[in-house]
Structures are given as structure tokens and as C-alpha cells.
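Visitor: I'd like to learn how to read the sheet and the core of a fold. Could you walk me through it?

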Amino acid sequence: MGTGKKEKARKERQGKVGDGMNNVKTKGENFYRSAKQAKTLNMFKGGEAQRNASGKVTKAASFQSRDTPKARVEPNRKWFGNTRVISQDALSSFREAIAERASDPYQVLLKTNKLPMSLVRDGQGKNGVKEHQAKMQVEASPFRETFGPRSTRKRVKLGVGSLEDLAGETVKMHDTYLDRLAQAKLLSGNSGADDPVGEAAPEDAVLTAAKEPIFSKGQSKRIWNELYKVIDSSDVVIHVLDARDPLGTRCRSIEKYIREEAPHKHLVFVLNKCDLVPTGVAASWVRALSKDYPTLAFHASITNSFGKGSLIQLLRQFSSLHSDRKQISVGFIGYPNTGKSSIINTLRKKKVCTVAPIPGETKIWQYITLMKRIYLIDCPGVVPPSNEDSPEDILLRGVVRVEKLENPAQYIPAVLQRTKPQHIERTYEIKGYDNAIEFLELLARKGGRLLKGGEADVDGVAKMVLNDFLRGKIPWYTPPPVIEQHDGEKPEGIEGRKGALGEMGKIRKREDDEHAVVDQDEALPEVAPGEDSARPTKRRKKG
Ligand SMILES: Nc1nc2c(ncn2[C@@H]2O[C@H](COP(=O)(O)OP(=O)(O)OP(=O)(O)O)[C@@H](O)[C@H]2O)c(=O)[nH]1
């Protein structure tokens, strides 16, 4: 038999045209069965159903049967072709070597998806110990012995090991209950309402603090959505910390989120506002934080910055690490007012983001091009919700706008606690106060800030002191975990940095004055970014 045309000719020749059995197909189409079709048809023909006399199927044909046939995959040597067997020692040394690299904040594992990371992570987290423990627990007390009619377990397992622990737990619960009760009383305004401020206060003049709604700033869903957008879009996440209180402004929940959900993103700490702390302290903090993530000291200022070169260098390194990408994005996250926008302005050497000495200035995320291959993303400041942080802690981290406080005076004891008396005395040139209220009254009288009837404007002055504290006018810092400072030996500083506590403010002021001669004639109430800590002094001194 030939192709369509030939076949037609043959049939015509043999006079078979128009016999109704014409299976000659149109040109180009093959009417013969392929091997596959033939095989399928043979399979259907292969068995016939057995029927009884009345024609009912008594035994289905093999292709009609619903019983699953016993299938067996043919073993093949190739399955084992690509396998290597290594000894336990070699495996553990591989694990150790990789784990060491993976945990080092200054090393990056490239192409992790080509490495057998499950071998390294085995025994940790989701697929490791926890799962194993859960399995052990299920094995120790299986479901049918724990629940249901045949359960044999009588006692519920408690989270404590001994009777003493249980007693301790109860005491803890009671304390928590009392704390909550006290807080509820404060919030409802029943406590301390009759006491004139200061009179009924204890000797150390710690005033009762009611939590105001503004203390939940930076925690809204909208802000967190912005944060997640920024994290999702970034290859490098820069967590900006305030050098005066790095641990207070550290968002551990975000670190955890990045570590667990996006381990391929690089997290870097930038310790900003280093000009407000002594060099040794900044250096110690950098050393302490570097154990967790790469940390850089920074001072954001368009005219007189510190650490800009190192940061740009680091970003360049990240960009060359991802040379397969067209560009990399660098997200700036952190508490409000830590200077995220200021760092971006410093890197760009011009005012591309709005900066203000008040928290919540950045409202939405925004992209800025640093260079062709590096984009920066500014993010609004976020505050991780925490039950442990008191309103004083939140306020003194710069999360809240001071002018919105109802009772600013009640936070002054916390300010006095965090600062040294000599610094307060030097800043305001006042002496001889015993408690916060006396301090505020003295300051109000000195500055002539009196209300009607000659009463001191305590609240007004308290707001001023709080602003000075937050904007770096009053020197303060949280001591780093270990300051290796031996007698007669100077602490190791950061290269290129100078100054001790309180000095940098003066140096900065001098430099700002030099750089901003024109600025001096501008209206003072509008505190310009970068100069805010220097400005209030001039105003007060004039007053
Ligand atoms: N002394 C000093 N002040 C700084 C530094 N960086 C930023 N500031 C000041 O800190 C204030 C807040 O800076 P921003 O850049 O607006 O802070 P932010 O983190 O973007 O704040 P949000 O918009 O609330 O998220 C401004 O008054 C800056 O001048 C610094 O390195 N040193």
C-alpha cells in the first residue's frame, strides 16, 4: 500500500472506486494506525467479558475491571547512579563548616538552594528538634490512650516540674493580676486623681502615669502593611537604631520575621545619631551588635556626615553579590524618628525625603534611586507592640509627639533618671532642685515661663525638656553591655570619630553654625532638620 495518491490510483486501476469501503484519506493525513493506537486497541481486544445465558456480564474484561492491578516499578540501576555515600564524620564536619558560615553575620552563603541545606538545618526549627519532640510526645501518650472511651491517662500534664514551681507560678499569676488591676484603675482615672501633682507623690517624686492613646502610635495595621511591603521589595534591609538606646529601638520581632520568612534577605544594623554619644560607647555598641548582624556607625547629616562611605561601600558589595540582578533594593526600617529619611538624604547628598524632629513624618513608603543599580526605600517608623514597655520607655524612644501629651510633667522623673545631674545643670544652668517638680518650676521661673497669677508653666517647660532630651540637647545614652575601659586607658574608638558625651553636640553646633550662616536669620520656631538640637539653645538664651 502506498500513500494517499498512489492508493487512489491503485484502487481506480483495480476498479474498486466507489465501493463504499473507501478509506482513502485526504492528502497529508495518514490513515494508518500508529503503534500507540494499535497497542490501545489490542488492549481493548485483549479480553472479553464473560456473560451468562441472559447476556449479563458475570466477569468483566480485564480493561473493564475496577480492581487496581498490582503494579510494580521495574528496578533500575540508574536510581543509584547519582548517589554518594559519605561517612558520618565527613557529614558532621560538613554540617559544622556550613553552619559556622551560615551563622556568621559577615559571611553570605551564595546559591543556598544548590547546597544541601536540609542537612545543616536538620535538628533545628520546623523539621528538626521540635518535630521530633512532638513525635516523641505522641508516641509517649498516643491519642487513643489520652482521649476517647479507652483512655487510660488520668492526670493532665502541667507545665511545671515540681510543687514549688507550681506555687511560684501562682504567685506570678497573682502579681500579674495585681498589676493589671492597678493599670485598670489608672486608666479609669481613680488613682491619684485627688492628689495635686507632686504633693502626694512619694519622696523620689515618681508621679503616676496613665497610659494615653497616643502611646500606641506606629503600631497601626496600615504602618505594618507599609513595613511588610518594604521588606518584601528589599534585598537588603537596613535596620536603623538610635545610638543612644540601641536595644530600645531594636525590633526583634522584625528580625525574627526576616530570619524565618525571608532568610535570603540581608539584614544590616545602622547605629545612627552616633554624634550624640561618646565614641567609645558607639564603638562598644557596634561591637556588641555586630555579633548578631553587620553593624555600622552613622551620623546622618548632608554637610557633615559620618559612616557614609562605609555604607555606600557595603551596598556596592551587596549589589555586586547580586550581579545577576538588574538592580537591588535597600529598605530602611526602624522605630520612628531614628533618622531613616535623614540617612537616605545623607546618601543622596540632598533633601529627597522629608525629615522632621517629630515622629511619624514618613507616612508611606517611597523609592529613591541612589545609583543605577541601587534603589533605596524609605519606610514609616514602626513600633512593635510590647506589654513590657512602659509609657515612659515609649515616649523617651521618640515614638510619641511631645506636643500631644496630656501630662508631660509626669515623664520628667524618667528623664532625670536617665540623665546625669551635671548634664542637666550644665544644659539649663540651674542647680538646687530635689525632684522633678522643683526642677520644672525652677526652669520655668528662670525662663520667665509663667501662667496667669504667676504660677510656673510646668507643662510647657516639661514639653521643652522632653524635646531637648529627644533631640540630643541633653546628653544621655544607655551604657553598652561591656565597655572595656581600664583605668588610665582610653576606650577603643571608631576610626575618624572624635568627642565625648556632650562634646559632639557642641562640635555639631559649631559646624552647623559654620555651614548655616544664612539659616540664623530664618524663623526659629520651625526647627530645621539636622539643626534641631542646636536651635532651642539659642532661643532660650535669647529669651
Ligand atoms: N543629632 C543627630 N540627629 C539626627 C541624625 N539623624 C537624624 N537626626 C534627626 O532625627 C530627626 C528624625 O529624623 P528623620 O529622618 O525624620 O527620622 P525617620 O526615622 O525618617 O522618622 P519617621 O519619619 O518618623 O519614620 C530629625 O530631626 C533629624 O535631624 C543624626 O545622625 N544625628
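Predicted model: local features only at pLDDT ≥ 70, side-chain atom pairs only at ≥ 80, totals over all residues.

Visitor: How many residues does the largest nonpolar core have?

Guide: In soluble globular proteins, nonpolar side chains tend to be buried together. Here the largest such core has 77 residues, and F298 and F332 are among those with the most contacts inside it. Helix 17 (residues 458-470) is the top contributor to this core, giving eight residues. Leaving aside residues up to four places away in sequence, F298 touches several others, including V270, L271 and I343.

Visitor: Now the sheet. In what order do the six strands run?

Guide: Strands pair through backbone hydrogen bonds, either parallel or antiparallel. In this open sheet the order is 5-4-3-6-8-7, with mixed pairing. Strand 5 (295-297) and strand 7 are the edges, each pairing on one side only. From one strand to the next, the twist averages 25°.

Visitor: Which strands pair with strand 8, and in what sense?

Guide: Strand 6 (residues 328-334) pairs with strand 8 in the parallel sense over five bridges, with V330 partnered to L376. Strand 7 (residues 366-371) pairs with strand 8 in the antiparallel sense, also over five bridges, and M371 stands opposite I374. Strands 7 and 8 make a hairpin with two residues between them.

Visitor: Why is strand 8 largely enclosed by the rest of the structure?

Guide: Four of its five residues (374-378 is the stretch) are buried, so strand 8 is largely enclosed.

Definitions and conventions:
Residues numbered from 1 in each chain as written. Buried ≥ 20, exposed ≤ 12 C-beta atoms within 10 Å, placed from the backbone. Pairing = 2+ DSSP bridges. Core = buried A, V, L, I, M, F, W, Y, C linked by C-beta atoms within 7 Å. Contact = placed C-beta atoms within 7 Å. Axes fitted to C-alpha atoms, helices over the stretch in contact; angles between N-to-C directions.
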